[in-house]
Amino acid sequence: MDHQDVQAAVAEMLEVLGPRTGEDWTVPAGPLEWSCQQTAAHIGHDLLAYAGQLAASPADAYLPFDLRVRPTASPAEVLQVAAACGGLLGSALATADRSLRAWHWGPCDPTGFAAMGVAEILLHTNDITRGLGVDWLPPAPLCAAVLDRLFPDAPPGEPVRVLLWCTGRGDLDGLPRRTSWVWKAALLD
């Protein structure tokens, strides 16, 4: 996965959520305890953190900074922040050497940061659409790429449904619903 995948995920997020910024974003985002607005800010936070990791390449921890979105920001402004952070991650990925390793619970390469960024965007956009009552599912090709990179032990099946199951957001025939999960971004070089 790479910067183009992140750009595609950001475009999906903006296409589905952009027209809905006038709605009530104080409602819970699907199964989450966060509101839709907090969830959109979380997307930005994680994308910025991943961009920072790629830029600084720390070997043993996350950089000691956090994104703070003003509490007075409108849903449209929070969505702009998330998109801007996606642009920063995309730029960091576009310039990162493929051999670069930066910390995410171990050494992670640029493809891992791209996959995590895409996952954050798609999964939390799905959470927000569920909270807003919008019927939307993430695109299957991006879900398949995320599964390939972050969930090597994922069961076979339709990629969207499998990704939602892997992250505790859906059911999959014959398997118990997940209540906890961890993706595998770090490499075992």
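**Entry 1: sorting residues.** Before looking at any lining, I noted the classes: Ala, Val, Leu, Ile, Met, Phe, Trp, Tyr, Cys and Pro count as nonpolar, Asp, Glu, Lys and Arg as charged, and the others, Gly among them, as polar.

**Entry 2: ground rules.** I am working with a predicted model, where local features need pLDDT of at least 70, side-chain atom pairs count only at pLDDT 80 or more, and totals for chains, interfaces and linings use all residues. Residues are numbered from 1 along each chain as its sequence is written, and side-chain values use heavy atoms, with hydrogens and water left out.

**Entry 3: the largest pocket.** A pocket here is an open set of points on a 1 Å grid over the protein atoms alone, where a 1.4 Å probe fits, with protein on both sides within 12 Å along at least five of seven lines; lining residues have an atom within 4 Å of a point. I found a volume of about 380 Å³ for the largest pocket, a volume being the space filled by probe spheres set on the points. Its lining has 20 residues, and Tyr50, Tyr62, His104, Trp105 and Trp183 lie nearest the centre. I sorted the lining into 12 nonpolar, three polar and five charged residues. Which element gives the most to this lining? It is α2, with four residues.

Entry 4: Helices are DSSP runs of H or I with at least four residues, and strands are runs of E with at least two, numbered from the N terminus. Buried means under 20% relative accessible area, exposed over 50%, and partly exposed in between (1.4 Å probe, protein chains only).

Entry 5: Serine 57 is partly exposed, at 28% relative accessible area. Tryptophan 105 also has a positive phi of about 55 degrees, although it is not a glycine. I located tryptophan 105 in the loop between β1 (102-103) and β2 (107-108). Is tryptophan 105 buried or exposed? It is exposed, with a relative accessible area of 66%.
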